Amino acid sequence: MPVRQHGGRIGRGIGAGLTSVALAAAALVGVAAPAQAAGVPEKSVGLQSAAGWVGSYYVEGVGNVYCLQPGREPAYTEDPETVSEYNGTYTHDSGGVTGTAEVDITPREAFEISYIAATYGQLDLAPGAGTQDEKEWAAATEVAIWQRSVDELGNGYSPYSWFHSRWDQWPGVDQKINTINAEVADAEPSATGGGSGSLEVVMENSIDGEVVVSMSLADAVATLTIDGATFPGGQTSISGVTDGQRIPITGDAVVDPENPSKQYNISVEGSAVGTGSGFGEQVQILQSSGQMMAHPAEETTVAFELEGAAADPILEFSPVVTTQAPEFVDAGESFTDVLTGGVAEGSDPWLPTTSGYIPVEATGTLYGPMLSIPDEQETAPDWAPVAGTAEATLEGPGEVTVETDFVSDEAGYYTWVWEIDGAAQSDLTALFLPEAEDYHFRDNFAQVVETSITPSGIVATSQVSEEEAAITDEISDTLQVSATGGGWIQKDGARVPVTFRGTAYAVDEEPSISDTMPSDAVEVGTTTLTVDKPGAYESETIQAPAQVGYMTWVWEIREEDQPEDIRGYVSEWNDQFGIPAETTELYGPTVGTRAETDVPVGDTFHDVATVTGYLPESGVDIHWELYEATQGENGEWVCGEGNLLWTSSVQRITETGDYTSDEAPFQSVGEYHWVEVIETPDGEEISRGICGVPNETTKVVEPEVTTKAQPTSELGGEIHDVATVTGPVAEDGYDLSFAAFEVPTTPEGEIEYPEGFTPVDGENNLQWVCETEPVFVSSEPVTVTKEGDYESESFVPERYGKYLWVETLMYTPEGEDEILIHRGECGVELETSYVFDVTTEAQDAADAGETATDTAIVDGFMPDGATVEFTAYQVDADAPQAPEAADVAVCTEDSVLGTTEPVEIDGGMHDDTRIESDEIHLPDSSVDYKVYWIETVRDSDGDVIAEGECGLPDETSTVAANEEPPALAVTGGGDNALPLLIGGGSVLAAGLALMIVQMVRRRRQAEAVTASAGDDLVEA
């Protein structure tokens, strides 16, 4: 069902602004409302069927209106007129019915039409608006109005029956018509009389109460005025009061001390305005030449007076006092208490006066000290000691702090008992107390809130278990506990437990006794000890720090260490720092170390620590750390995470002596620093060695390798290399291998450098050669296990050239990849072999007294700075040729005819280069002889790198005699002469028959010159 609409001109209740009783005059018959703009009605909200329209019309300036004359067409309307009743006839000629009908509206029907239109008529909707449900309500409103304006049409039908076809397709319309008719039957029109109400004053006590409001009109609003009391906020008048409201009041119960009275008066009165149903017996009608329209009349109000009320309260109150004593009062402090004035249960409030409140005198007694507190009870026991009494004046409700001049000088419980005695009050106060002088209040003895505690003073002295100990040893302390300043306070029938906290501190130097903690003291550990009576108590042990110095105890009682329910029962306390009886001197082990010094690369190495001094019972752990030698910015040695290489396993030290580290793993050539670390068994560091000290330095060294390759060879001959190893050699030995590389040359015999490479005078310009493919590599490496000479395998070069040797020394750890120890430099002269041939062609024959020469023919690669010289030897004509000549020492110093000046041979590749010697003078001779030539080739250092062989045919010149031989002596004649001649002729024939035979002589090239290996020479 829709609720009353409040749009447009229609309002309801006090909120509509119709608070003046004068507005009720609008309900009088024939009184016109203010003029409204009139106009032609148009369909607004309702239902349109084939049978016709049922619903409201809209008139400009008025709003939605409803027809009062069913069967008649709307026409231009006049201004609305407010009426309380209407009677007249009209002719209807629309909707399929003609005739005359009577419009008869009684005052009750005028009220109902206004009420129905305003409540259900959808007056706030614009033309054409509304939901289906709202349209059905508008249709039902129109039909309900017809039922009150016209009973019967001219054809004998009621408007409901004749026009039902207009809405019968919407069953909800009939349901809504029934609802309207049922609800409007209970509605009563508003009137200028008929409202009533009453007031009642209900007091809770002599000051506080309520005004209860009752009114006959549910929507009435009242204004009240009170005397002798005030409404909330101190007001004496209040508006907007509704039916059934209970308004708190506070009586003006202020006592005048000069003229006190126990009774006063409160009175209250009021008036109200209501609207009832909201409408009187009125309706607005709009006349026209056609249909007459209806619109709700203005709402009306009802004003009436309320029956007043009064009360005469009697002033009386029962003062009491509650207190809150401080929980703790330290020895030497004064006792205090905080009192709060109040009233007993069921009592009136504490009475105010013109200058404050009625004063009340109270007396307090403080009992104590007591080491235990009894249960709360009504009166104090006879045995309870009295510490003092105090007086207080309560000047109303609220707090009063009582200060006393008696102090606490002994530990225990102290409890207050406060009382108010009526006989001790002033006449003014006694006037307002129940039973006057017989009034008495006293609170209970031993209330918790009235009890203060002076804490017990518990102290202790102590003695450590060890005056001297090793670092990390376990050390305890024994406390001698006693109470001072009274007894040991109790709770629940037993002494309260006291927890001592003992803290051990480490310092480097012997501590001095002090009330404050030195800045260099380092906390080592803490333990607690809980006691409940005087006596000796041994603490748990605390492990001494892992540092040499002193450990001293400090004992204290901290409030936070005590159980929460007894905190404050014992005073906080602490002893001094550095007391000798609480101090232990700590000693530790001394460690000296000596690491292995020079170690061949590939061998493991270790460090040895010698431990002396104090060792803790649990022992200490040692391990070693190995660092690569590294210097910081200022040149100091640094051992840190960045250069740590290896850490040994941990060894437990339980007695003094020598301890050897694990073998450090293989390290490359370099310098390494050991650091020994001493720790407790649980890993706390005690000491650490110094980085970089000489006795903790190990140098890993490699052996020195020098080499000398076979310098020269003829084409087709073998060449090899010899490495000399000196210095330390690893136990597992090294692998020595050799490789040879050929220096490439151009067709012109020059070295063929890589593209873009520019050789520099005085530098090794051939290192790049050994980056090419070698022409020879050792088939198996030579194992080097000691110092000595190690010869490579030999190989035969395929062509003339310059060959560079490179030796490589490797170490192969077990199960790992091999590691390079040494690699020779490519291109050094001692590691170079030259392959060349030098042959000669001596002058075939010459005469004695003349000169002769020799010619050297060079093929192959010659070193820079090489020279050749020629030596001539005079030998008998029948001297043996090579190779027999070498066996009989034909070419000796005694047979030297001369040696030519050295002739330089260009370095590089040669092809049939010929070098002719200087001339050698041949001595005169009466007999023929021979000259054997030997050419000698030397390098730039003068060492022989090639030399001819004595007696080679190509190196032999035959020399003919240039003098007659001496005459033969002839004795006798005759027959003897002929045999001599024959004999002589035979000899001569033999000499003449000696032929100088030209022989092809082959030069012997010297073998590679190497250092004598002796017993140390090892064949590769």
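**Close-up 1. Three disulfides are present in the structure.** The model is predicted. Counting the bonded cysteines along the protein chain, the pairing runs 1-2, 3-4, 5-6.

**Close-up 2. Cys639 and Cys691 are joined by a disulfide.** Their sulfur atoms are 2.0 Å apart, and the link is right-handed, with 70° about the S-S bond. The pair connects distant parts of the chain, 52 residues apart: Cys639 is in the loop between β43 and β44, and Cys691 is in the loop between β48 and β49. Cys639 is partly exposed at 25% relative accessibility, whereas Cys691 is buried at 19%.

**Close-up 3. Cys770 and Cys826 form a disulfide.** The S to S distance is 1.9 Å, and the right-handed link has 75° about the S-S bond. Cys770 is buried, with a relative accessible area of 10%, and Cys826 is buried at 7%.

**Close-up 4. Cys891 is bonded to Cys950 in a disulfide.** Cys891 lies in the loop between α6 and β64 and Cys950 in the loop between β69 and β70, so parts 59 residues apart in sequence are tied together. Cys950 is buried, with a relative accessible area of 10%.

**Close-up 5. Helix α2 (residues 132–149) crosses helix α4 (residues 171–185) at roughly 55°.** The axes come within 8 Å, and α2 is oblique to α4. The crossing is right-handed. Residues in contact include Trp137 and Val143 of α2 and Ile177 and Val184 of α4. By class, the contact has nine nonpolar, five polar and four charged residues.

Definitions and conventions
Residues are numbered from 1 along each chain as its sequence is written. This is a predicted model: local features need pLDDT of at least 70, side-chain atom pairs count only at pLDDT 80 or more; totals for chains, interfaces and linings use all residues. Side-chain values use heavy atoms; hydrogens and water are left out. Axes are lines fitted to C-alpha atoms, for helices over the stretch in contact, and angles run from 0 to 180 degrees between N-to-C directions. Helices (H or I, at least four residues) and strands (E, at least two) are DSSP runs, numbered from the N terminus. Angles under 35 degrees count as roughly parallel, over 145 as roughly antiparallel, 65 to 115 as roughly perpendicular and the rest as oblique. A crossing is left-handed if the near helix is turned anticlockwise from the far one by less than a right angle, and right-handed if clockwise. Contact means heavy atoms within 4.5 Å. Ala, Val, Leu, Ile, Met, Phe, Trp, Tyr, Cys and Pro count as nonpolar, Asp, Glu, Lys and Arg as charged, and the others, Gly among them, as polar. A disulfide is a pair of cysteine sulfur atoms within 2.5 Å. Buried means under 20% relative accessible area, exposed over 50%, partly exposed in between (1.4 Å probe, protein chains only).
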